[in-house]
Amino acid sequence: MSATLSFTAPTAHGPRDITLAYARVGAGEPLLLLHGIGHHRQAWDPVVDILATERDVIAVDLPGFGQSSALPHGLPHDLPHDLPTTVSVLGAFCAALGLDRPHVAGNSLGGLLALGLGRENLVRSVTALSPAGFWTQAERRYAFGVLMGMRRTARSLPLPLVERLSRTAVGRTALTSTIYARPGRRSPEAVVAETLALAHAQGFAETLRAGRSVLFTDDVPGVPVTVAWGDRDRLLLPRQGIRAKRAIPRARLVRLPGCGHVPMNDDPALVARVLLDGSRAQSARALRTSFSTVAL
């Protein structure tokens, strides 16, 4: 079920009215899914049906992406698309939906936000797929340069050309190989939709600007954490997973063989298993003390 939800979020600049788009399917304990910068909630489509067999799955368009409006501008203050503000907005979104500390999984920017929700103790467990924020400054500049290049390309290509390219595996590779290790597996319709999502993302520039100062170095105490990294990630390099493990010593660190930066498309069965393992209530207490590490 796709829907929009309007709610009031407490922020550092006072309460503000927010509207987010989301899709919800399945039954069980709630699992919130957060996509990366420039993407939209449909990034999770390859794994949603698997997850929905055990979870009440809520995939949300982040503020300023997909069908969600950007954070409010104007008096008395503009709301920044930064980590504290977006975490507060997502916490209020969960409260408005009646979700009591859901499990959360995020990819890239979504992984960073998922860890932020975990640090605020707003969720039961966190699974972060190639989360942002564990970079060196050189790695951040590289990633941001690639993202800005992708954005310029998406905005410059006429829609008929995007549609024509998406019909062939070679064309889908040209459009999406930066984020997928197996771009030929993505459907033509999905490639067109996510190219348009990147081109039209209202929150892209503000979010990227706010990310310049992000460096995640804090632990996430009291919440089971899984960090997973594709070994073919060309945007946030796999060695950043080692830094994530150092920052969050009790986290389980998982290698995703043959997967790129957005691994849900590259190996849906593996990613779904990692997400379900990380969010299984019966093992949550054990996960705090017995996470295994798979070397990247």
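**Surface, strands and spaces**

Q: Is A96 buried, partly exposed or exposed?
A: This model is predicted. The relative accessibility of A96 is 42%. Buried would need under 20% and exposed over 50%, so A96 counts as partly exposed.

Q: Which residues does A96 contact, leaving aside its neighbours within four places in sequence?
A: A96 is part of helix α2. In sequence A96 and L5 are 91 residues apart, while their C-alpha atoms are 8.2 Å apart in space. With neighbours within four places set aside, the contacts of A96 are L5 and F7.

Q: Why is strand β8 described as largely enclosed by the rest of the structure?
A: Strand β8 covers residues 252-256. A residue is buried when its relative accessible area is under 20%. Strand β8 is largely enclosed because the number of its 5 residues that are buried is 4.

Q: What is the handedness of the β-α-β crossover from β7 to β8?
A: Strand β7, residues 225-230, runs parallel to β8, and 5 bridges join the two. One partner pair is T226 with R252, the latter in β8. Between the strands the chain passes through helix α9, residues 240-247, and the crossover is right-handed.

Q: Which helix gives the most residues to the lining of the largest pocket?
A: The largest pocket has 23 lining residues, and M150, L175, T176, I179 and L198 are those nearest its centre. At least two lining residues come from each of α4 (137-156), α6 (169-176) and α7 (188-200). With 4 residues, the helix that gives the most is α4.

Q: How many charged residues are in the lining of the largest pocket?
A: This pocket has a volume of about 340 Å³. By class, its lining has 11 nonpolar and 11 polar residues, and the number of charged residues is 1.

Q: How many residues of the lining of the second largest pocket come from α4?
A: The lining of this pocket includes R140, R141, F144 and M148, as well as F204, A205 and L208. Helices α4 and α8 (204-211) each supply at least two of the lining residues. The largest share is that of α4, and its count is 7.

Q: How many charged residues does the lining of the second largest pocket have?
A: The volume of the second largest pocket is about 180 Å³. Arginines in its lining include R151, R152, R155, R209 and R212, and Arg counts as charged. The lining has 5 nonpolar residues and no polar ones, and its charged residues number 7.

Q: Which helix supplies the largest share of the lining of the largest cavity?
A: Among the 24 residues that line the largest cavity, I37, L109, L112, A132 and T207 lie nearest its centre. Helices α2 (83-97), α3 (109-119), α4 and α8 each supply at least two lining residues. The largest share, 4 residues, comes from α8.

Q: How many nonpolar residues are in the lining of the largest cavity?
A: The structure holds 2 cavities of 30 Å³ or more, and the largest cavity contains about 280 Å³ of space. Its lining has 6 polar residues and 1 charged residue, while the nonpolar residues number 17.

Conventions:
Residues are numbered from 1 along each chain as its sequence is written. This is a predicted model: local features need pLDDT of at least 70, side-chain atom pairs count only at pLDDT 80 or more; totals for chains, interfaces and linings use all residues. Side-chain values use heavy atoms; hydrogens and water are left out. Buried means under 20% relative accessible area, exposed over 50%, partly exposed in between (1.4 Å probe, protein chains only). Two strands pair if DSSP finds at least two bridges between them. A crossover is right-handed if, with the strands pointing away from the viewer, the path from the first strand over the helix to the second runs clockwise. On a 1 Å grid over the protein atoms alone, a cavity is a set of points where a 1.4 Å probe fits but cannot get out, and a pocket is an open set with protein on both sides within 12 Å along at least five of seven lines; lining residues have an atom within 4 Å of a point. Grid points are joined across faces, edges and corners, and a volume is the space filled by probe spheres set on the points. Contact means heavy atoms within 4.5 Å.
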